[in-house]
Amino acid sequence: MSAATIVVAGALANKAGSGGEAWVRMSWLTGFQRVGFDVRFVEQLSGGSQEQIHYFRDVVAEFGVTDVSTLIADGRTVLGPPVESLFDIASSSPLVNISGHLDGPLRDAFRTRIYIDIDPGFTQIWHEQGLLGDALERHTEHLTIGENIGTKYCDLPTGGFRWRPTRQPVVLDQWPVTPTPESARFTTVANWRGPYGPVEWQGHSYGLKVHEFRKFIELPRHAPGTFEVALSIDPSDEKDRLALIENGWKLTDPVEASSTPTAFREYVMNSGAEFSVAQGMYVDSNCGWFSDRSVRYLAAGKPVIVQDTGFGTCLPVGEGLLPFSSVAGVASAIRALESDYEHHALAARSLAQSHFDAISLTRAVIDTGN
């Protein structure tokens, strides 16, 4: 690709208060910068509160990209270079559209429009149900972190698109390996229900994280170590919150742990390892989804014990990355970690370097657009 500029579009202000989500968007941007491109970032809001605008301003400042980041509200530039400057470069610059967030005339002005799907299963089924309109058709290339989509391992619909696999990038020097104060402190950051409801498709109901977590709610009673979740949970789920506490889970304020990129990184780096379940959609579809959050645990040298979504078809497992599908599988993974924590910590970092390095992944996206 001969273009000197790449435009990355994604939700930042729209996800104000989620430091982990900010890392997703900024890692793509930084990766393209490290490859040698001039990168522009753009986000559009419908309306837009002052809280959202200030969050966008603070995050792009933290990553040193204020001068190349444009925030649009109802078609009007509210922060950064004017939207007109993006129209000026659209014919010669590719658009990397994370979750298809950018739409309308600005999106369509780009000759090369690359859709990055970070919600595999939801995206494909919603498309089949007509809920995405022509959003996917409006893109020239389609990439997904559901690496099994379109393969024999996963029967999700493809919509006739060629879904090329990609992964969640991490800029390794932004996530240095850090000493672990307590190796048996298992943590994660989670939304109990998340923004999406269960999805029905061809007689099957694909559930949420809450439905998977309930299967493992008694885990702290039977496994060594501390199990902690920086959990966003609605007051209507008070019964579940009390059940978590009664079973030995430590619940941490998600605002304190992850409201900013810096807070999120500090929380991960102070952990011993990650333990987490996945959305029922990812588990039941076997789509190969792998969390951006888990990628950052790996990069920081923190082993990861996570529910299997089929990612073992494309990622090495057993050292540093330990999938499970049952309570017995969790127990086995914890025993493996206890037997040689340092080995698994080194393997975690090595896996991040070999499979999630932002420079390698962004180069692959550039090749896709050629």
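The following legends describe close-up views of a predicted model.

Residues are numbered from 1 along each chain as its sequence is written. Local features need pLDDT of at least 70 and side-chain atom pairs count only at pLDDT 80 or more, while totals for chains, interfaces and linings use all residues, and side-chain values use heavy atoms, with hydrogens and water left out.

**View 1. Packing of helix H1 against helix H15.**
Helices (H or I, at least four residues) and strands (E, at least two) are DSSP runs, numbered from the N terminus. Helix H1 spans residues 19-35 and packs against H15 at an angle of about 80 degrees, with the two axes 8 Å apart. Axes are lines fitted to C-alpha atoms, for helices over the stretch in contact, and angles run from 0 to 180 degrees between N-to-C directions. H1 and H15 are therefore roughly perpendicular to each other; angles under 35 degrees count as roughly parallel, over 145 as roughly antiparallel, 65 to 115 as roughly perpendicular and the rest as oblique. From H1, Ser27, Trp28, Gly31, Phe32, Arg34 and Val35 meet Ala358, Ile359, Thr362, Arg363, Val365 and Ile366 of H15. By class, this contact of H1 with H15 has 7 nonpolar, 3 polar and 2 charged residues. Ala, Val, Leu, Ile, Met, Phe, Trp, Tyr, Cys and Pro count as nonpolar, Asp, Glu, Lys and Arg as charged, and the others, Gly among them, as polar.

The side chain of Thr362 reaches the backbone oxygen of Gly31 at 3.4 Å. Apart from neighbours within four places in sequence, Thr362 is in contact (heavy atoms within 4.5 Å) with Trp28, Gly31, Phe32 and Val35.

With neighbours within four places in sequence left aside, Thr368 is in contact with Glu141, Leu143 and Arg164.

**View 2. Aromatic pairs that involve Trp126.**
The structure holds 22 aromatic pairs. Rings of Phe, Tyr and Trp (its six-membered ring) pair if their centres lie within 6.5 Å; planes under 30 degrees apart count as stacked, over 60 as edge-to-face and the rest as tilted. The ring centres of Phe122 and Trp126 are 5.4 Å apart and the planes stand at 45 degrees, so this pair is tilted. Both residues lie in helix H5 (residues 122-128), 4 residues apart, about one turn of the helix. Trp126 also forms an edge-to-face pair with Tyr196, at 4.8 Å centre to centre and 85 degrees between the planes. Tyr196 lies in the loop between strand S9 (185-191) and strand S10 (199-201) and Trp126 in helix H5, so the pair ties together parts that are 70 residues apart in sequence. Trp126 is buried at 18% relative accessible area, whereas Tyr196 is partly exposed at 23% relative accessibility.

**View 3. Packing of helix H12 against helix H14.**
Helix H12 (residues 292-299) and helix H14 (residues 341-355) pack at an angle of about 120 degrees, and their axes are 7 Å apart. H12 and H14 are therefore oblique to each other. Val295, Leu298 and Ala299 of H12 meet Ala348, Arg349, Leu351 and Ala352 of H14. By class, the contact of H12 with H14 has 6 nonpolar, no polar and 1 charged residues.

**View 4. Ala278 in the loop between strand S14 and helix H11.**
The loop that holds Ala278 runs between strand S14 (273-276) and helix H11 (280-285). Ala278 counts as buried, at 2% relative accessibility. Not counting residues up to four places away in sequence, Ala278 touches Leu208, Lys209, Glu212, Val283, Trp289, Gln307 and Thr309.

**View 5. Positive phi at Ser99 and at Asn286.**
Ser99, a residue other than glycine, has a positive phi near 60 degrees. Ser99 is located in the loop between strand S5 (95-98) and helix H4 (104-109) and is partly exposed, with a relative accessible area of 25%. Asn286, also not a glycine, has a positive phi near 55 degrees. The loop between H11 and H12 contains Asn286, and a relative accessible area of 26% makes Asn286 partly exposed.

Note on methods. Polar contact = N/O pair within 3.5 Å; in protein donor to acceptor, adjacent residues only side chain to side chain. Buried < 20%, exposed > 50% of the residue type's maximum accessible area, 1.4 Å probe, protein only.
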